[in-house]
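Hi everyone, thanks for coming. Let me put the structure up on the screen, and then we can walk through a few spots together.

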Amino acid sequence: MVAVVLCLPFFLRLPQFKLSSEASTLLEGDQRNLASYEKVRQILAEVEVLVISLECADVFSLQGIDSVRRVSDAFQKLPGVEDVKSLTHSVKPVRRGLGFEMVPLVPSGLSAEHELEQFKKFCLEHPLIRDVMVSADGRHTLITVTCRRPLDTPEAQRQLRAEVDETLAPFQREGLRFQLLTVPLIEHEIRSALWQDVQRFLPASAILLALILWWTFRSWRILLLVAASQLFVLFALPGAMQMTGFSLSVFTVMLFPLLSGIHLAQLAHVYSAFQVAQLSGQTTEEALRTMLATVFKSCLFSLVTTAVGLLSLATSEVRQIREFGFLGTFGVCLIFFFTFGPGLALMKWAFERRPLRAQSGGIPGLPAAQPSQATQNLLENLSSGGSRGNQAHFQKSEIRNQKSEIGQRLLTPAATILQTGSPNLPNRGWTDWIARFVERHGKATIIAVAATILVTCWGISKVRTDIRAVEFLNRQSQTRQAVEELDRIYGGINVVQIEIDSGSENGINQLDFLRYVEQLQRYAETYPGVSAAYSYAQLLSMINQIWEEGRADALKLPQNPLLINLFVLALKSQNYPFLTALCDKTYRTAYLVVRTRDMPSDRYLSIVHAIERHAEATKPAGISISAAAGIHSILEADRRILRSQMNSAGSSSAVIGVVLSLLWRSPVLASLSLITNAIPVAFVLAIAGFTGVPLNCITIMVAAICLGIAVDDSIHFITHWRDARRSGLSPVEAVASAFWVKGRPIIFTSWILIAVFSIFWFSSFPPVVEFGLLSAVAFAGALATVLFFLPAVLCVFPRKSEAK
């Protein structure tokens with residue numbers, strides 16, 4: 001009841017829980033595209049722009065031009081639409097006397113074949129139309145719709161989606177094909193995909209985990225208690241997120257199955273120990289105390305190490321990773337609070353009247369046990385209302401007796417587990433086989449792991465940190481398909497600005513400066529990998545051609561300074577849309593805009609550096625060149641990922657090492673535990689390198705999270721091995737005892753974690769799928785190292801392992 005009251009504020013916030021699907025959240029780790037997105041949002045202010053790519057047989061046919069006009073007219077009728085720009089709804093400047101006049105881009109009365117060819121040639125040769133308004137193949141054209149209406153709510157975004165689909169439906173029936181790209185529809189798609197993921201995760205995880213739990217415990221009561229505990233934590237977490245200002249996004253949605261797996265792993269240890277105690281003949285109260293004496297300390301420290309792994313993510317420079325770390329740490333604390341608080345009360349209530357009973361008189365291989373005399377004294381003292389001091393004395397005494405009693409009963413048979421030919425030896429199955437394998441092949445196991453480490457180092461060197469926001473969406477995503485088509489058909493989506501500072505206000509209008517910019521722009525557009533380059537000098541050359549009434553040889557810079565000033569005044573008066581992208585407001589700095597298709601960042605950087613080196617080598621005196629802003633945004637994305645990886649993994653390893661050293665009072669055992677679990681985590685990173693899985697804002701969390709969680713099994717194993725050694729068993733016998741007592745919970749908790757993280761396979765977001773599969777492989781590897789490598793070291797180097 002106290003737990004419900006304490007968590008009541010979280011439950012009350014549950015109805016207010018909402019999904020976050022902002023495009024900026026998805027772009028947080030991709031600095032190249034985030035910077036462009038923020039600039040566009042700043043320019044657009046309160047308007048939204050819908051970009052539509054129309055595909056037909058021939059844009060420059062009468063039928064194609066008519067299709068563009070009809071689609072443009074249809075979108076003009078939508079509510080809130082302020083402007084539509086397309087081939088048929090755009091203008092171009094022409095000379096009228098000593099000035100310029102804007103006329104329709106498509107000439108009126110266009111019908112003859114030669115007129116269509118002339119118009120096509122004009123569009124495909126014009127640098128600000130080709131790959132900007134129409135593709136080079138003449139089969140695709142862009143239509144931009146400017147809309148001034150609130151579109152920041154899910155309802156408004158759903159309505160826009162419906163209106164757009166209804167508008168395009170008749171044209172699609174004619175055979176026209178469309179791709180759409182706009183922020184509100186991107187957010188609507190992400191939100192829908194998140195809900196679909198949640199709807200897939202819940203039933204899949206419930207069915208899978210129910211099967212594993214039933215296979216583990218074979219008890220409906222335990223299954224229902226575990227389900228109740230899970231529901232309590234999972235219902236409290238959304239309310240906590242709402243109270244702290246966090247929201248469910250493509251990043252934080254992974255917390256629910258993650259915390260579910262962590263919780264189930266702890267419950268497996270708790271209920272396994274309780275079940276063993278009850279089936280051995282203890283009362284419910286005795287079994288609870290035995291369970292606490294057996295697993296409480298190791299569960300506490302394992303949850304601490306898990307919390308450390310998650311909390312280390314809070315040091316990340318990426319906001320979403322920090323949020324994930326904080327929320328995950330809160331969830332782990334909530335798990336501990338409920339498991340050893342209200343969870344114990346539920347266990348007592350469920351089993352007090354009807355304790356668990358073995359089907360055939362107890363646990364196989366263990367004699368049935370009766371409550372000890374100390375237990376009977378304790379119960380009598382509590383029932384007669386003895387003094388608090390006596391109660392405390394008896395409680396401490398009973399915990400010691402219980403631990404000693406159950407420990408001796410568990411350790412004694414293990415002392416003979418390696419004896420061959422004993423007719424009275426119970427059949428231990430896989431524990432017997434692993435113990436014998438470790439005894440015989442311990443050194444070979446250690447050598448094999450060492451060889452694996454060498455392969456791992458090679459794979460880690462191949463890890464890709466090239467972050468691309470488009471890879472966060474699956475290949476069936478409408479948004480991803482639209483972005484990839486824009487990149488493939490229209491000349492690329494990567495854009496970088498190289499700043500050319502003239503050194504003085506209005507200095508970019510000097511003829512020498514313009515000639516320098518013109519030659520630099522021509523060098524850039526012919527460089528391999530560059531699809532287009534745009535410059536202020538190029539814009540003045542196009543205006544000069546218009547001034548000369550379209551003569552082909554007039555596409556060059558004006559030689560008369562008076563003409564240059566006239567063209568500048570014309571640009572200012574017409575508020576030319578490309579002007580702000582090509583120079584600053586004071587006309588001191590010109591920008592060379594380099595455009596490429598999407599490519600790895602190292603290749604992209606090599607292109608930018610080559611152009612920058614040429615600019616430095618050919619620049620006149622007094623001019624400075626800088627591509628720092630563009631290059632910085634590219635490099636910073638990779639650097640942030642690497643820094644976050646190193647910081648989170650390093651800090652979590654250090655803190656976990658300190659915690660384990662305090663637990664065992666042995667830095668050697670703490671180091672052994674870390675190495676045991678660091679090996680599979682490093683191997684997973686190597687797999688990512690070999691398979692080309694990139695490190696991004698989601699997959700980067702694999703190392704810290706898996707290390708924090710996977711170390712739990714080694715904590716339980718080493719803790720029992722250490723206690724067995726203190727009881728007088730040899731190193732090999734202690735390993736056999738640890739296998740027999742802790743083997744089943746370790747196997748089952750590992751399978752639970754593997755199953756939970758495998759559920760991420762159903763996600764709509766590729767990085768989430770990759771995170772889940774890499775984590776599942778890491779937990780499978782951690783299970784293998786705990787079952788083979790760890791006991792091999794404990795058997796081969798027992799004295800070093802026990803060193804203080």
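I'll talk about a helix pair and then a cavity.

First, some housekeeping: this is a predicted model, where local features need pLDDT of at least 70, side-chain atom pairs count only at pLDDT 80 or more, and totals for chains, interfaces and linings use all residues. Residues are numbered from 1 along each chain as its sequence is written, and side-chain values use heavy atoms, with hydrogens and water left out.

Let's start with helix α18, residues 511-525, and helix α19, residues 536-547; helices here are DSSP runs of H or I with at least four residues, numbered from the N terminus. These two pack at an angle of about 100°, with their axes 8 Å apart. Axes are lines fitted to C-alpha atoms over the stretch in contact, and angles run from 0 to 180 degrees between N-to-C directions. That makes α18 roughly perpendicular to α19, a label covering 65 to 115 degrees.

Which residues of α18 meet α19? They are L514, V517, E518 and Q521, and their partners in α19 are Y536, A537, Q538, L540 and S541. Contact means heavy atoms within 4.5 Å.

Now the largest cavity. On a 1 Å grid over the protein atoms alone, a cavity is a set of points where a 1.4 Å probe fits but cannot get out, and lining residues have an atom within 4 Å of a point. The largest cavity is lined by 15 residues, with I709, D712, D713, T749 and L753 nearest its centre.

Notes. Parallel < 35°, antiparallel > 145°, perpendicular 65-115°, else oblique. 1 Å grid on protein atoms, 1.4 Å probe; cavity = no way out; pocket = protein on both sides within 12 Å on 5 of 7 lines; lining within 4 Å.
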